[in-house]
Amino acid sequence: MTVIDPRDDLRLTFWGVRGSIPTPGEHTLRYGGETTCLEIQAGPHLLIIDCGSGARRLGWHMDQRRQVQPADLLFTHFHLDHICGLPFFCPAYSERFDIKVWAGHVPRDGSLEEMLARLMSPPLFPVPTTALRGCQFRRFTAGEAVGLRPGLTVKTIQLNHPGGATGYRIEWGGGSIVTVTDHEHGNPEIDAAVARFVEGADIMVYDATYRDEEYGRYVGWGHSTWQKAVALADKAGVRHPVMFHHDPCRTDDDLDRIAEQARARHPGAIVARQGLELVAGAAPVEAG
Ligand SMILES: [Zn+2]
Ligand SMILES: [Zn+2]
């Protein structure tokens, strides 16, 4: 029997799996309607990827936890579905927290705080970014390796998306998680770089907004398909391609069908749902 030391765990929790806009309602109860927010626990390190509407509940949970953990919040990009939860992410306002906020697509003549201030300023929102007392803002260039904390470096990549987006690769204790969202396949150079980037990963969270059959209507919108996720996983030796950034029109039944079809092509395929917890490593398991 293999005993897994919890300090070596690499654990991923989905707090929001939807793209574009929150989609509450009777047809999205099982997979969830909150927009993108991932929590990754890498041994003692807490990483958060994106602050979509799902970040509100993550923030509440972080506030309830007995131990306050320093955290790194990594933005993939600044489209609304990925940042709209920031003004409602309560740890960001509290000096009890130490949150380093990072992004790889800040214009050279601007700052990350200025980018976020476009959302958090009148007339869009009454509370300014200066109220985010738990946060420090950092920047990098997508494609660089970023040293977040002593002992924790993440690799990053430039994805194919209007205005750019950053993919992340987190490795810890023998496990690996990569995120490829938001991203559109079809640029040969970027596709080849993405295939190298995700090579051999345990878990690949992938922008599966569309199906191949409907993609033709959305060329250039910056998203990919579940079939491309599965094909990439095959090519790059990814163990678990995870369909993510679900189209707001996708119902629970639609996603069940995609899960079934995807598993028929790749036994490790998973469709992300809110609340799902995955452990990466020698024997990735669904923890919840
Ligand atoms: Zn998006
Ligand atoms: Zn986007």
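User: Where is cysteine 90 placed?

Analyst: Cysteine 90 sits in the loop between helix 2 (80–83) and strand 5 (99–103). Keep in mind that this is a predicted model.

User: Is cysteine 90 buried, partly exposed or exposed?

Analyst: Relative accessibility decides. Buried means under 20%, exposed over 50%, and partly exposed in between. Cysteine 90 has 31% relative accessibility, so it counts as partly exposed.

User: Which residues is cysteine 90 in contact with, leaving aside its neighbours within four places in sequence?

Analyst: They are Gly59, Trp60 and Asp63. For a distance in space, take alanine 201: its C-alpha is 32 Å from that of cysteine 90, and the two are 111 residues apart in sequence.

User: Now the rings. How many aromatic pairs does a search of the whole structure find?

Analyst: Six. To class a pair, read the angle between the planes: under 30 degrees is stacked, over 60 is edge-to-face, and the rest are tilted. The planes of phenylalanine 75 and phenylalanine 78 are at 55 degrees, with ring centres 6.1 Å apart, so this pair is tilted. Phenylalanine 75 and phenylalanine 78 are both buried.

User: Why is the pair of phenylalanine 140 and tyrosine 168 edge-to-face?

Analyst: Their planes are at 70 degrees and the ring centres 6.2 Å apart, so the pair counts as edge-to-face. Phenylalanine 140 is in the loop between strand 6 (135–139) and strand 7 (145–149), and tyrosine 168 is in strand 9 (residues 165–172), so the pair ties together parts 28 residues apart in sequence. Phenylalanine 140 is buried at 7% relative accessibility. Tyrosine 168 is buried too, at 0%.

User: Which residues do ring pairs link into a cluster?

Analyst: Tyr210, Tyr218 and Trp221.

User: On to strand 11. Which residues lie on each of its faces?

Analyst: In a regular strand, side chains alternate between the two faces of the sheet. Here Ile203, Val205 and Asp207 are on one side, and Met204 and Tyr206 on the other. Both faces are covered. Five of the five residues of strand 11 (residues 203–207) are buried, so the strand is largely enclosed by the rest of the structure.

User: In what sense do strand 10 and strand 11 pair, and over how many bridges?

Analyst: Strand 10 (residues 175–180) pairs with strand 11 in the parallel sense, over four bridges. Valine 180 has tyrosine 206 of strand 11 as its bridge partner. Between these strands the chain runs through helix 4 (residues 188–198), and this β-α-β crossover is right-handed.

User: And how many bridges join strand 11 and strand 12?

Analyst: Five, again in the parallel sense, with strand 12 covering residues 240–244. Aspartate 207 has phenylalanine 244 of strand 12 as its bridge partner.

Conventions: Residues are numbered from 1 along each chain as its sequence is written. Chains are lettered from A and ligands numbered from 1 in the order in which they are written. This is a predicted model: local features need pLDDT of at least 70, side-chain atom pairs count only at pLDDT 80 or more; totals for chains, interfaces and linings use all residues. Side-chain values use heavy atoms; hydrogens and water are left out. Rings of Phe, Tyr and Trp (its six-membered ring) pair if their centres lie within 6.5 Å; planes under 30 degrees apart count as stacked, over 60 as edge-to-face and the rest as tilted. Buried means under 20% relative accessible area, exposed over 50%, partly exposed in between (1.4 Å probe, protein chains only). Helices (H or I, at least four residues) and strands (E, at least two) are DSSP runs, numbered from the N terminus. Contact means heavy atoms within 4.5 Å. Two strands pair if DSSP finds at least two bridges between them. A crossover is right-handed if, with the strands pointing away from the viewer, the path from the first strand over the helix to the second runs clockwise.
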